[in-house]
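Hello,

Here is the structure I promised to pass on. Please load it first; my notes follow below.

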Amino acid sequence: MEVHIKIHGQSVAVEVTVEVHEYLDRADHKTENLFHEQRRHWDGREFDEYIVAHECSRSYYETPEEWLCRKETLCEIMTALESCTELQRQRFFLYALDGFSCAQIGNICGCSKYAVWNSIEAVRKKCKKILKLIHEV
């Protein structure tokens, strides 16, 4: 993927991976948001370095290396989830992402909360096993 970077006032085209392009795109978006906030002088205070560091520190903690590691880990987890049954994945996502309890998921799926818990534990064990194998290599 090609991106344009300004170096000494001149635009240079550079080939980068999709991950790097996504990171640069997000960084540009965050920078643009900061400029908007600077123009508005949010919550009536003077715009200064302290406010940027305090209010926007979360957006700049992640380095490109950390972002790539996080993305690779997500791919590994998705690979692990592909080895589970559709029912196990559905119950796991309802529990982990949507915050439903086992009893609520049991009502949705028409089964007992113990069946739900067994599905969730099966997914956890498979993910743990696959991630352990990947990190041992």
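Start with Glu-121: at 22% relative accessibility, Glu-121 counts as partly exposed. The term covers the range between buried (under 20% relative accessible area) and exposed (over 50%), with a 1.4 Å probe and protein chains only. Keep in mind that this is a predicted model: local features need pLDDT of at least 70, side-chain atom pairs count only at pLDDT 80 or more, and totals for chains, interfaces and linings use all residues. Residues are numbered from 1 along each chain as its sequence is written, and side-chain values use heavy atoms, leaving out hydrogens and water.

Salt bridges

The side chain of Glu-121 meets that of Arg-124 in a salt bridge, 2.9 Å from N to O. The rule asks for a side-chain nitrogen of Lys or Arg within 4 Å of a carboxyl oxygen of Asp or Glu. Arg-124 is partly exposed, at 35% relative accessibility. Both residues sit in helix H6, three residues apart, so about one helical turn separates them. Helices here are DSSP runs of H or I with at least four residues, strands are runs of E with at least two, and both are numbered from the N terminus.

How many salt bridges does the rule give? The count is three.

Another one joins Arg-89 and Glu-86, with the closest N and O atoms 2.7 Å apart. Both lie in helix H4, again three residues apart, about one turn of the helix. Arg-89 is buried, with a relative accessible area of 19%. Glu-86 counts as exposed, at 54%.

Lys-71 and Glu-22 also form a salt bridge; their closest N and O atoms are 3.0 Å apart. Lys-71 belongs to helix H3 (residues 64-82) and Glu-22 to helix H1 (residues 18-40), so this pair ties together parts 49 residues apart in sequence. Lys-71 is partly exposed at 28% relative accessibility. Glu-22 is partly exposed at 30%.

Overall layout

The protein chain has six helices and two strands. From the N terminus on, the order is β-β-α-α-α-α-α-α. Buried residues make up 19% of its 137 residues. The accessible surface comes to about 10400 Å², and 57% of that belongs to carbon and sulfur atoms. Areas come from the Shrake-Rupley method with a 1.4 Å probe; for residues, only the protein chains shown count as cover. Take the contacts (heavy atoms within 4.5 Å) between residues at least 6 apart in sequence: 46% of them join residues at least 24 apart.

The hairpin

Strands S1 (residues 2-7) and S2 (residues 10-15) pair in the antiparallel sense over six bridges. Pairing needs at least two DSSP bridges between the strands. Val-3 has Val-14 of S2 as its bridge partner. Ile-5 has Val-12. Two residues separate the strands in this hairpin, and His-8 in the turn has a positive phi of about 55°. Is S2 buried or in the open? Of its six residues, the number buried is zero, so S2 lies largely in the open.

Aromatic pairs

Rings of Phe, Tyr and Trp (its six-membered ring) pair if their centres lie within 6.5 Å; planes under 30 degrees apart count as stacked, over 60 as edge-to-face and the rest as tilted. That gives three pairs. One of them is Phe-92 with Phe-93, a tilted pair at 6.2 Å centre to centre and 55° between the planes. Phe-92 is buried at 17% relative accessibility. Phe-93 is partly exposed at 28%.

Tyr-95 and Trp-117 make an edge-to-face pair, 6.0 Å centre to centre with 75° between the planes. This pair links distant parts of the chain: Tyr-95 in H4 (residues 86-96) and Trp-117 in H6 (residues 113-136), 22 residues apart. Tyr-95 is partly exposed at 27% relative accessibility. Trp-117 is partly exposed too, with a relative accessible area of 33%.

Helix H5

Which residues of H5 (residues 102-109) are buried? They are Cys-102, Ile-105 and Gly-106. Down the axis of H5, the buried residues fall within an arc of 105°, so they line one face of the helix. The arc is taken from the directions that run from the helix axis to the C-beta atoms. Just after H5, Gly-110 takes a positive phi of about 75°.

Best regards
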